[in-house]
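The exercises below are to be worked with the sequence and the coordinates at hand. Each task is followed by a solution in steps.

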Amino acid sequence: MEKKTGNGINKGLELVPGTVPVESSTSLTLQRLFFVGIALGLLFNAQYDPLMACAGLSILAYILTTILIPAFGPAFVRVGFFGRDLGKKDRPILPETMGFVCAIVYLMTMFFFIPFLFYKYFVTETSGSGNREQFVDTSAQMIHKGRQLKLFPHSKLAEYLAALLSSFSMLVLGVADDLFDIRWRDKLFLPAIAILPLVFVYYVDFGVTSVVVPSFLSKISNTELPMTIDLGIFYYIYMLAVAIFCPNSINIFAGINGLEAGQSFVIAIFLLINDAFYIVPGRILELHPPHPATEAHLLSVYMVLPMIAVTAALLKFNWYPARVFVGDTYCYFAGMVFAQVGILGHFAKTLLLFLIPQVLNFIYSAPQLFGLVDCPRHRLPRLDPETGLLEASRVYFTEVPPKGLQAILLSTLGKMKLLHLERNPETGTILSASNLTIINLVLTWSGPLREDKLAIVLLGIQTGFCTFGLAVRYTVAPLVFGRDNL
Ligand code: UD1
Ligand code: MG
């Protein structure tokens, strides 16, 4: 007898025993149609405002992603993109690499947005009112060179397309990782390759490589230091470092349902809030002339809003109890979008303030990442099958007990309550330690937690640090740098 699946899309899943069906309606319900209507209204708004069009496209992107994830999930399982949910008793099989669906919808949204973003530059080349007479150029020059839109901001289009190309490259490399499970040391540098198109366009079109010198340095040194310092080639190295850090740091702050997509959602919301500080007072409320950085922050909104939309849809299916996994594809893709907006908007420092949990997790993980302490394939928390709660997972030193620098580091962290150590009661040698991730550290401090509670705690920490980062950006940073560029 055929398995009853409710919506019929899960046929054939019996091929892979233990699979959790991705239940959700793939049909266009009335509610969805209502939101499609709103989205189309925003998209074709009478003012030809790209911001409203972007909001409309993002609503469509959300709806499409919520339809495509359940529709493609079973097919992903069939071709081998699946993983076992290690946080559940029966370790069910879930579709992996759902970030691929998100990234495809995101890129499609960004492609469709191009005419809406540049619409005003098409019409300012004509006399308007639907007239296209200035486009009809029959001169010899037109025949040889083609039509020229003189006011068209080619550099802006180049930036936009380079960002898409970088995202696309990251998507390909992310899928390759999900396919071949590349060793983390090898995949660490993949984002630096993907970001290259954007870095080249930055060099050609913008090329600003100076950073503001904190004003207090002049006071301390009692000499008149320049307001900015040109970092030259080091600025490009810094950009590559940001591009490497964002995707990888999201990928290693992972392992429980909803965390990868959840942290990206929170970071994206804070990027949007930061953009709003620049855009709302000048451009929307017209309280004062638009800030000079308005365009850069508008570009950030155009890139972040669709990201929020596809991430929210993914989170719906990845939240506890997860029905799909996001895959490395998603972590890389989300991190790459963040790196791009930070670089193009020239606010990579602010971006890093929103990534404080990822920075802390990276620093804390460093001994395991760089081989000082053993790093098991998975460091995600361990499920206690008796209680159904998650507890900190551990690294065991059964063969060689820690010695030298390794023992000093582990003992020091243990004394500082930054690690849980298990020692041989007689000899005092270290037998095991909790894995060095913030997730395990929280569990060490709090005691065992249910997976969704742990996700809420960690996302609360993310939100807290982002709020702190935003406050630092608008209170401490102006004091340190002697002025605010708002
Ligand atoms: C990174 C971490 C690894 C962690 C893994 C979890 C480092 C150096 N690597 O590896 O320690 O275990 O992420 O994503 O810190 N999974 C779950 N539940 C979830 C999410 C993932 O059980 O909510 C499991 C599934 O089996 C899934 C697998 O993790 O198939 C995905 O792991 P993958 O993303 O390939 O691991 P890495 O990114 O290499
Ligand atoms: Mg991963």
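**Exercise 1: a buried asparagine**

The side chain of Asn-361 reaches the backbone nitrogen of Ile-438 at 2.9 Å, a polar contact (a pair of N or O atoms within 3.5 Å; within protein, one must be able to donate a hydrogen and the other to accept it, and residues adjacent in sequence count only if both atoms are side-chain atoms). This is a predicted model, in which local features need pLDDT of at least 70 and side-chain atom pairs count only at pLDDT 80 or more, while totals for chains, interfaces and linings use all residues. Residues are numbered from 1 along each chain as its sequence is written, chains are lettered from A and ligands numbered from 1 in the order in which they are written, and side-chain values use heavy atoms, with hydrogens and water left out.

Solution. 
1. Buried means under 20% relative accessible area, exposed over 50%, and partly exposed in between (1.4 Å probe, protein chains only).
2. Leaving aside neighbours within four places in sequence, Asn-361 is in contact with Ile-252, Phe-253, Thr-437 and Ile-438, where contact means heavy atoms within 4.5 Å.
3. The C-alpha atoms of Asn-361 and Leu-441 are separated by 9.8 Å, although the two residues are 80 apart along the chain.

**Exercise 2: the ligand site**

Solution. 
1. Oxygen atoms of ligand 1 lie 2.5 Å from a side-chain N or O atom of Glu-96, 2.6 Å from a polar side-chain atom of His-378 and 2.9 Å from one of Asn-251.
2. The protein buries 92% of the 720 Å² that ligand 1 exposes when taken alone, with accessible areas from the Shrake-Rupley method and a 1.4 Å probe; for residues, only the protein chains shown count as cover.

**Exercise 3: the nonpolar cores**

Task: identify which residues of the largest nonpolar core touch the most other members.

Solution. 
1. A nonpolar core is a set of buried Ala, Val, Leu, Ile, Met, Phe, Trp, Tyr and Cys residues joined through side-chain atoms within 4.5 Å.
2. The largest core holds 91 residues, and Tyr-106, Leu-271 and Leu-314 touch the most other members.
3. Helix H13 (residues 294-318) gives the most to this core, with 13 residues.
4. Not counting residues up to four places away in sequence, Leu-271 touches Val-304, Phe-338, Val-341, Phe-347, Leu-351 and Phe-354.
5. Another core, of 15 residues, lies apart from it and includes Leu-383, Ile-438, Leu-454 and Leu-459.

**Exercise 4: backbone exceptions**

Task: locate the cis peptide bond and state where Glu-286 and Lys-417 are found.

Solution. 
1. Most residues other than glycine have a negative phi, and most peptide bonds are trans.
2. The bond from Tyr-320 to Pro-321 is cis, with omega near -10°; Pro-321 is in the loop between H13 and helix H14 (327-344).
3. Glu-286 has a positive phi, near 55°, and is found in the loop between helix H12 (259-284) and H13.
4. Lys-417 has a positive phi, near 60°, and is found in the loop between helix H17 (404-415) and strand S8 (421-423).
5. Glu-286 is exposed, at a relative accessible area of 64%, and Lys-417 counts as exposed at 59% relative accessibility.

Conventions:
Helices (H or I, at least four residues) and strands (E, at least two) are DSSP runs, numbered from the N terminus.
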